[in-house]
Amino acid sequence: MVSLEKIDKSYVTGSHRLHVLKAVDLEIESGEMAAVMGASGSGKSTLMNILGLLDNYDGGSYRLDGQLMRDLSETRAAVLRRQLIGFVFQSFNLIPFKTAAENVALPLYYQGLGRRRRQAAALEYLERVGLRDWATHRPSEMSGGQQQRVAIARALVARPKLLLADEPTGALDSETSHEIMELLQQVNREGVTVLVVTHERDVAAMTRRVIRLKDGRVEDAHARLPDA
Amino acid sequence: MLIVLLGSGVGLGHGVEYQFRDDAVNSIWVFPGQTSVPYKGLQPGRRVQLTNDDHDEVATGVEGVDHISSRYFIRGSVQVRYRNETSTFNVRAVHPDHLYLEKTIVVDGRFLNPLDVRDHRKVAVIGTKVKDALFKAEPPVGKLIEVNGVAFQVVGVFSDEGGERELERIYLPISTAQRAFGGANRIGQIMMTTGDEPLERTSAMADEIHRRLAARHTFSVDDPRAVEVENNNEQFARINGIIRGIRIFVWIVGLGTLLAGIVGVSNIMLIAVRERTREIGVRKALGATPRSIVLLILQESILITSIAGYAGLVLGVGVLELAARKLPPGSYFRNPEVDLGVALQAMALLIVAGLVAGFVPARRAAAVRPVEALRSE
């Protein structure tokens, strides 16, 4: 599904040059559910951004679903994102003035689906995350866990092959975190490749594979969780 | 704002048209006066008396004359009687072409015709007010009225846009009136229209008329007071020029206002884009292309300018209506109005303004990198 080969990425700030990813090699098979762990500054988020085609990389090669992702135009990247990738963010990032259903329907809008089909699909996916009754509510009227479930419904509505979750439980209490991770497990069982960035051991424990990053390198691509 | 200004421009135009409403715009009027400079040993201060011959000379000698009529004025007040009704009216003795000069509208019967003049027929055309006063509900055509004791047959009734006073007139054939009321061959003034002749031609015509009359009545061609030749073409053109200037000025001011508005909306949109960086980033992450982001911002910008513009339009029309009602009648500012065409133009302008105003913010929004947008708290 995902194949990274010697990925290099550095940020230039003023005269500083920050080497964030150093020759990262990584293979993720289709249907896997993996966690990416590492201390802050280890390059987790940068890696996710590159995987999500939100950022470009300086060296190496990245194949997603067999296609080489290199020097994409913004428009091309946008098209690939909407076809292949779903995002779940730490701070949910729902659009505040839209209802839950409208938020979920948004990716379909960019796929050019008609209003009626968007609405139907949005309700179907809200049903799946158990929030059908909340369809007409705005994000501000929902709890964090509910918002994140709406965000997951939104990430899934376009039937992506890869779901990228950047600290999906970072803003939630442990009980809700558990619920969200169960939901992601269920999504994974349905065949979507799921990649979760986290620094929480409990969360990582609910995935089937842990990738450890340290100082911009993959320290361990099949790490064991340290015992508690 | 733009609408108020544009409407005012239109109002000014209407005011001018109103001043000329009653008379043909393309006309030349000839008034006799007194000589003011000595000429060929003759003293200044002589009165010039125009005659039928002058009329004929101008009618046949000057090229470009379209319709021509003279007027003969009956001295003193004129008593008009029909059966037991007697009243005083203003009587004008004219040629048939007078119809075109005063923009007279015949509502019943006919106007004077050349045979009336040739045969000295005793016929009259009366204004609607005269008809109301003398005939009440009776149909007047064919009836006999007495003008200063002379019987005339009514052949027509007319109306006129020039106002009440114009409707209290009676028109008689000039030849009949001259004979019946002791006018001999004297006429009071000559008036003519110039058809489609261009402005320079009409000025030349006015000069030529003055020259010919100077020769006939022995006064200096450099004496403007002996006979005054008034060219309405020139006046109309001059005033039209002023109006056009004012309208252009009004447009410039209006566009300036609009420009300020565009800058304002543009600024607001820039702030909105900054505030919504995060939302834009999310949209991009969800698969929005830069193009769709640009369209989103432009749509919103156009929406803002359209709503604001429409409100302005309504307000502007309201102000104009109010102004139209409060202004004293008969002034140079009259019936300010905005027609559908102007309103549509304004709306189109607003949409364009929205596009222009949204352009920079939209570009800024499209340039947002999703990574940074998502990071910004």
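Q: Which elements are included in what covers the buried residues of H8(B)?

A: In this predicted model, the cover over the buried residues of H8(B) includes strand E1 (27-32), helix H2 (52-61), strand E11 (227-231) and helix H9 (232-275), which belong to chain B.

Q: How many residues does helix H8 of chain B have, and what is its reach from first C-alpha to last?

A: Helix H8(B) runs over residues 199-216 and has 18 residues. Its first and last C-alpha atoms are 26 Å apart, close to the 26 Å expected at 1.5 Å a residue.

Q: Which residues of H8(B) are buried, and where do they lie around the axis?

A: Burial is judged here by counting neighbours: a residue is buried if 20 or more other C-beta atoms lie within 10 Å of its own. In H8(B), the buried residues are Thr202(B), Met205(B), Ala206(B), Ile209(B), His210(B) and Leu213(B). Viewed along the helix axis, they fall within an arc of 135 degrees, so they line one face of H8(B). The face turned away from that buried side carries Glu200(B) and Ala215(B), which are exposed.

Q: Which residues touch the most other members of the largest nonpolar core?

A: In soluble globular proteins, nonpolar side chains tend to be buried together. Here the largest nonpolar core has 98 residues, and Val104(A) and Leu195(A) touch the most other members. With neighbours within four places in sequence left aside, Val104(A) is in contact with Ala122(A), Tyr125(A), Leu126(A), Val150(A), Ala153(A), Arg154(A) and Val157(A).

Q: What is the strand order of the open sheet in chain A, and which strands are at its edges?

A: The open sheet has 4 strands in the order E2-E1-E4-E5, with antiparallel pairing. Strand E2 (16-28) and strand E5 (67-68) of chain A are the edge strands, each pairing on one side only. Strand E1 (residues 2-13) of chain A pairs with E2(A) over 9 bridges in the antiparallel sense.

Q: How many residues of chain B are in contact with chain A, and which elements give two or more of them?

A: On chain B, 15 residues are in contact with 18 residues of chain A. Helix H10 (277-285), helix H11 (290-326) and helix H13 (370-375) of chain B each give two or more residues to this side. The largest share, 5 residues, comes from H10(B). By type, the residues of this side of chain B divide into 8 nonpolar, 3 polar and 4 charged.

Technical notes: Residues are numbered from 1 along each chain as its sequence is written. Chains are lettered from A and ligands numbered from 1 in the order in which they are written. This is a predicted model: local features need pLDDT of at least 70, side-chain atom pairs count only at pLDDT 80 or more; totals for chains, interfaces and linings use all residues. Two residues are in contact if their C-beta atoms, placed from the backbone, lie within 7 Å. Ala, Val, Leu, Ile, Met, Phe, Trp, Tyr, Cys and Pro count as nonpolar, Asp, Glu, Lys and Arg as charged, and the others, Gly among them, as polar. The expected span of a helix is 1.5 Å times one less than its number of residues. A residue is buried if 20 or more other C-beta atoms lie within 10 Å of its own, exposed if 12 or fewer, and partly exposed in between; C-beta atoms are placed from the backbone. The arc is that of the directions from the helix axis to the C-beta atoms. A nonpolar core is a set of buried Ala, Val, Leu, Ile, Met, Phe, Trp, Tyr and Cys residues joined through C-beta atoms within 7 Å. Two strands pair if DSSP finds at least two bridges between them.
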